[in-house]
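Thank you for coming, everyone; I would like to walk you slowly through one structure today.

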Amino acid sequence: MHDKDLLVEMQRRMLRIRRLDDRARELNLQGEIAGTIHTSTGQEAACVGATAALRDDDYITGTHRSHGHPIGKGSPVDGLMAELMGKSTGVCKGKGGSMHLADFSVGSLGESGIVGSGVPVAVGAGLSAKIRGTDQVALAFFGDGAAAQGAVHEAMNLAAVWDLPVIFLCENNHWAVTISVCDHSAVPEISQRGPGYAMPGVSVDGNDPVPVYEATLEAVERARAGGGPSIVEALTYRVQEHAQGLPISREYREQAEIDEWLGRDPIDVHGASLVAAGVLTETELSQLVEEVHEEMEAAIEAARAAEDPPPAAAFEDLYADEPDVAVAR
Amino acid sequence: MTAATDTAVETKRLNYLAAIREAQIEEMERDESVILLGEDCEVGVFGTTDKLDEQFGTNRVRTTPVSENGFAGAGIGAAMTGLRPIIDLTIAAFVYVSMDQLVSQAAKNRYMFGGQARIPIVFRAAMLYGGNAGAHHSDRPYPLFMNTPGLKVAVPASPADAKGLLKTAVRDDNPIMFFEDQTLWSQREEVPTSSEFLIPFGQAAVKREGSDVTLVAIAGSVPRALKAAKLLERDGISVEVIDPRTLVPLDWDTILASVEKTGRLVVADPAHLSCSAASEILATVAERAFSSLRVPPLRVTTPDMNVPFAPSMLVGFYPDPDRIAAGVRKVVDHG
């Protein structure tokens with residue numbers, strides 16, 4: 001069995017992701033979070049299982065559905081929630097929002113609202129580690145939808161021909177907005193593409209953090225040892241709509257399919273394992289939920305009390321040497 | 001004025017490509033975080049990168065697959081994690097293939113992430129528009145990037161400027177689009193040999209002083225504008241030729257001061273007419289120095305037309321000395 005603290009921490013971080021998304025949806029409806037949000041609900045095991053296999057100094061890049069990735073990597077929820085709420089105390093000082101969270105202090109090099117666009121950036125982080133002679137690795141989260149992007153192909157090929165320490169972590173949630181993976185990918189599992197890049201590819205149960213962790217750890221250890229990149233695919237499911245507030249006028253999937261996946265909720269799956277293995281009691285599990293809820297409410301209250309960035313702040317952070325450029329303009 | 005004209009500075013005679021090669025070698029020698037990625041860069045098709053792999057090793061000098069978007073993105077990721085990549089995109093039209101990474105990642109990541117990212121990267125692109133290469137290999141795409149906040153844009157028009165600006169670009173902590181003009185490749189001049197020869201961005205060069213017309217020239221238009229100015233001198237028209245050298249940032253002070261002096265403005269720009277650098281310069285001068293303008297300003301550009309192949313159709317297609325001189329005469333004749 002894995003380290004107990006690690007197993008409990010995985011549950012805690014999954015609960016954080018769930019709670020942040022649940023509260024973000026409510027705050028969005030109440031008008032406290034502007035714009036749209038894409039939640040990771042039901043995909044928490046993929047986020048947390050993968051990041052649990054990484055060191056603090058390893059890198060990740062995210063997607064448009066990415067609230068969970070920095071949480072998995074260890075980013076405190078205060079800065080993330082403040083960012084969603086558009087506050088100056090947000091991780092990106094209110095410039096990023098839901099689709100562009102980043103916390104460089106924990107190796108989160110940012111999400112990308114352009115599908116698949118962050119994957120080459122992760123390859124660059126892996127290239128950098130190799131050139132600098134460190135044993136860091138980079139992990140690129142991407143979805144089944146992104147697997148259809150040319151950027152993902154180019155990134156995988158480049159990482160493979162240069163033997164870069166990169167993990168391509170596919171969260172296959174089976175739906176790219178309204179198109180099923182069966183209809184947008186010639187192979188039903190993205191890991192099947194591994195042989196085309198001469199790299200290992202494996203698919204695991206993405207609704208249980210432990211198999212995701214184990215598969216990712218194997219890929220990470222191989223990458224650190226100079227064995228090159230891998231594809232790890234977490235088979236999971238998007239139980240909610242693509243984005244809150246996005247009106248989709250036509251049914252495109254069966255309720256029975258959604259219900260089936262809801263019956264294997266990753267938080268329930270891992271929680272039951274922890275209790276069955278004697279790692280936590282039911283009471284301790286409930287306490288964990290309470291702690292996370294309290295932590296989230298404190299983050300929301302802190303964000304509510306924080307300043308909105310003033311209009312003038314929109315003109316900061318464009319260039320590293322702003323004064324020169326501003327004067328010239 | 002460029003330092004190349006300063007006799008106190010030690011120089012050697014280099015052409016445009018050799019100056020670029022020298023800038024890269026000096027910066028790679030100075031800073032081991034500088035790396036070079038690009039198609040065929042170890043062999044070096046245009047002669048700016050060949051054999052650098054032998055000098056700096058194949059860890060730092062890497063020939064890439066034909067994946068412009070992929071390796072542009074890899075360069076960006078490397079820049080965000082401590083390296084200073086030079087990305088040789090070779091032909092300028094290939095920037096379109098890498099457009100997603102240039103615009104959505106390089107230009108936006110620092111801003112979107114609230115200043116967390118530092119992205120010191122240079123994208124080199126050769127504009128082959130003088131060589132009858134047809135519409136896919138003849139582009140001058142720099143105006144697109146003036147319209148992309150977060151990038152800086154350099155358009156060196158001489159060997160010394162190419163060296164000095166490229167060295168500055170490599171040391172800059174921002175993503176930079178560096179457009180090299182093929183029509184200038186064979187041009188030679190004395191180039192400072194100092195490894196600290198740096199030309200700051202946002203500092204125009206007054207290539208020739210004059211009193212009747214301000215003629216701003218971009219990239220390969222600079223030597224053609226100087227030829228036009230000589231032709232016009234015979235007719236008693238005194239032309240001030242300004243090369244902005246970088247388009248982002250752009251040295252407005254020098255241009256505006258010149259227009260205030262001459263009261264007339266012509267911009268020669270090998271990009272297409274609409275939304276060109278010339279358009280931006282005319283618009284800004286109209287906004288900020290309208291009262292100085294004695295006559296309407298004029299753009300001399302490539303028409304809003306794709307580039308044909310046959311040499312016969314290219315006569316007068318790009319701004320050449322005759323078209324530039326005709327533009328200046330029109331402005332002067334206006335009053």
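Predicted model: local features only at pLDDT ≥ 70, side-chain atom pairs only at ≥ 80, totals over all residues.

Let me start with a distance inside chain B: the centres of domain 1 of chain B and domain 2 of chain B, taken over C-alpha atoms, lie 26 Å apart. Domain 1 covers 9–192 and domain 2 covers 205–334 of chain B, and these bounds come from an automatic or database domain assignment.

Residues are numbered from 1 along each chain as its sequence is written, and chains are lettered from A and ligands numbered from 1 in the order in which they are written.

How do the two domains meet? In chain B, 24 residues of domain 1 are in contact with 22 residues of domain 2, where contact means that the C-beta atoms of two residues, placed from the backbone, lie within 7 Å. On the domain 1 side, the elements giving two or more residues are α6 (142–146), β6, α7 and β7 of chain B. That side divides into 14 nonpolar, six polar and four charged residues; here Ala, Val, Leu, Ile, Met, Phe, Trp, Tyr, Cys and Pro count as nonpolar, Asp, Glu, Lys and Arg as charged, and the others, Gly among them, as polar.

Turning to chain B as a whole, we find eleven helices and 14 strands, these being DSSP runs numbered from the N terminus, with helices (H or I) of at least four residues and strands (E) of at least two. Seven strands form an open sheet of mixed pairing, in the order β3-β2-β4-β5-β7-β6-β12 of chain B, and two strands pair if DSSP finds at least two bridges between them. The edges of this sheet are β3 (61–63) and β12 (246–248) of chain B, each of which pairs on one side only.

Within the sheet, β4 (residues 84–91) and β5 (residues 121–127) of chain B run parallel and are joined by four bridges, and D88(B) stands opposite R124(B) in β5(B). Helix α7 (residues 159–171) of chain B lies across several strands, including β4, β5 and β7 (175–181) of chain B, and runs at about 160° to β7(B); such angles run from 0 to 180 degrees between N-to-C directions, along axes that are lines fitted to C-alpha atoms, for helices over the stretch in contact.

What radius of gyration does chain B have? With 335 residues, a compact globule would come near 20 Å, and chain B, at 20 Å, agrees with that; the radius is taken over C-alpha atoms, and the globule rule is 2.2 Å times the number of residues to the power 0.38. Buried residues make up 59% of chain B, where buried means that 20 or more other C-beta atoms, placed from the backbone, lie within 10 Å of the residue's own.

Chain A, finally, has twelve helices and seven strands, and 54% of its 329 residues count as buried. Where the chains touch, the contact takes 39 residues from chain A and 40 residues from chain B. On the chain A side, α5 (118–132), α6 (150–161) and α12 (322–328) of chain A each supply at least two residues, and α5(A) gives the most, with ten residues.

Methods: Buried ≥ 20, exposed ≤ 12 C-beta atoms within 10 Å, placed from the backbone.
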